[in-house]
Amino acid sequence: MTAETQKFVAKGVAHVVIPPVPEPMQVTFVLLPKFTMLAFSSAIEPMRIANQLTGQILFRWQVLSADGQPVACSNGVPVMVDGAFGATQPAGMVFVCSGVEPEDQVTAALADWLRGLWRRGRVVGGLCTGAYALARAGILKDRRFTLHWENIAGFVETFPDLAAARQVFCIDDRIMTCAGGVAAADLMLKLINDRFGMALSQEVMNMCLLTGRRTEADEQTTSLAARLGTRHEKLIEAVAFLEGRIEEPFDLDACAAQLKLSRRQIERLFNRYLGVTPVRYMNDLRLQRGRALLAETDMSVTDVSIACGYASTSHFSKSFRLKYGISPYRFSHFGK
């Protein structure tokens, strides 16, 4: 057994027979500070397992960082790398793995490097919030792409001309993105299935103890009905109406007119099924969005309050402090 085989093919009991593969798929991961370990491991482990099951090097990978030094992920654990991305021109696919505070982690050097790879015909992608790097590289225009749902609000404020899908993963020609977490495994299972067949992808899924295969069309989060814990049609319509108008002044009369109900009927629905008033529900929703924008963007507190539909910064700040126990200004500078 060669040193390369020992590196990429582990021993195992389960086995899947496929024809010999003349050339492995080359995959490069670029880790940014505070990347999400779950997304990275969910991407690399299916490849390792595919190699193990077949006894072949189906995938060959390398891990890079900005300076060739280990990178600490969002839980603080450092991960060793093989080198610096600026010193390489890798073949195959290149995935940027990011995580929290993505706006602060993407450098101009990384964006230029990715743009150069893209122009030379490489497949480039993003895991979790890696789409920030692709957007900075200017290669997402008119493309389908995704990132973690928690970061979409901040992404839209930073890149208003780009529309992220709320899908588990997206494949658009040479752009591959996933929402992070175990969605990275869904993306890799799709690649394994398309390149090496259903039998291998199914056994890789079994080895990962995944009981269901999600497709590109699947949503990242549960349906609105599941999230609310009810299938009441009018309540779901009311919540969808309000959630789609976070930036606008609260208007329960408009919601009532849309649903052909009275204000009182809507208020009773919210109280019965959600235990809150429509005003309280909307305020909590706006504060959640404000928290996301403060954490993931460089927007000022004033700009965030406007983006969340508040008439004044003082009202937003007071509501934020009551809910989270900290002022929005202090929260936005936490850990900096």
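The structure holds 15 aromatic pairs, a pair being rings of Phe, Tyr and Trp (its six-membered ring) with centres within 6.5 Å; planes under 30 degrees apart are stacked, over 60 edge-to-face and the rest tilted. The model is predicted: local features need pLDDT of at least 70, side-chain atom pairs count only at pLDDT 80 or more, and totals for chains, interfaces and linings use all residues. Residues are numbered from 1 along each chain as its sequence is written, and side-chain values use heavy atoms, without hydrogens and water.

Two of the pairs are tabulated.

| Pair | Centre distance | Plane angle | Class |
|---|---|---|---|
| Phe155 and Phe159 | 4.9 Å | 45° | tilted |
| Phe270 and Tyr281 | 5.7 Å | 70° | edge-to-face |

The second pair links distant parts of the chain, with Phe270 in helix H12 (residues 263–273) and Tyr281 in helix H13, 11 residues apart. Phe270 is buried at 0% relative accessible area, where buried means under 20%, exposed over 50% and partly exposed in between (1.4 Å probe, protein chains only). Tyr281 is buried at 13%.

Helix H13 (residues 278–296) packs against helix H15 (residues 313–324) at about 90°, with axes 10 Å apart. The two are therefore roughly perpendicular, the class for angles of 65 to 115 degrees. Their contact (heavy atoms within 4.5 Å) includes Arg291 of H13 and Tyr324 of H15.

The charged end of Arg291 also sits over the ring of Tyr324, 4.7 Å from its centre; this requires NZ of Lys or CZ of Arg within 6 Å of the ring centre and within 35 degrees of the ring normal. Tyr324 belongs to one aromatic cluster with Tyr310, Phe316, Phe320 and Phe331.

Methods:
Axes fitted to C-alpha atoms, helices over the stretch in contact; angles between N-to-C directions. Helix = DSSP H or I, 4+ residues; strand = E, 2+ residues; numbered from the N terminus. Parallel < 35°, antiparallel > 145°, perpendicular 65-115°, else oblique.
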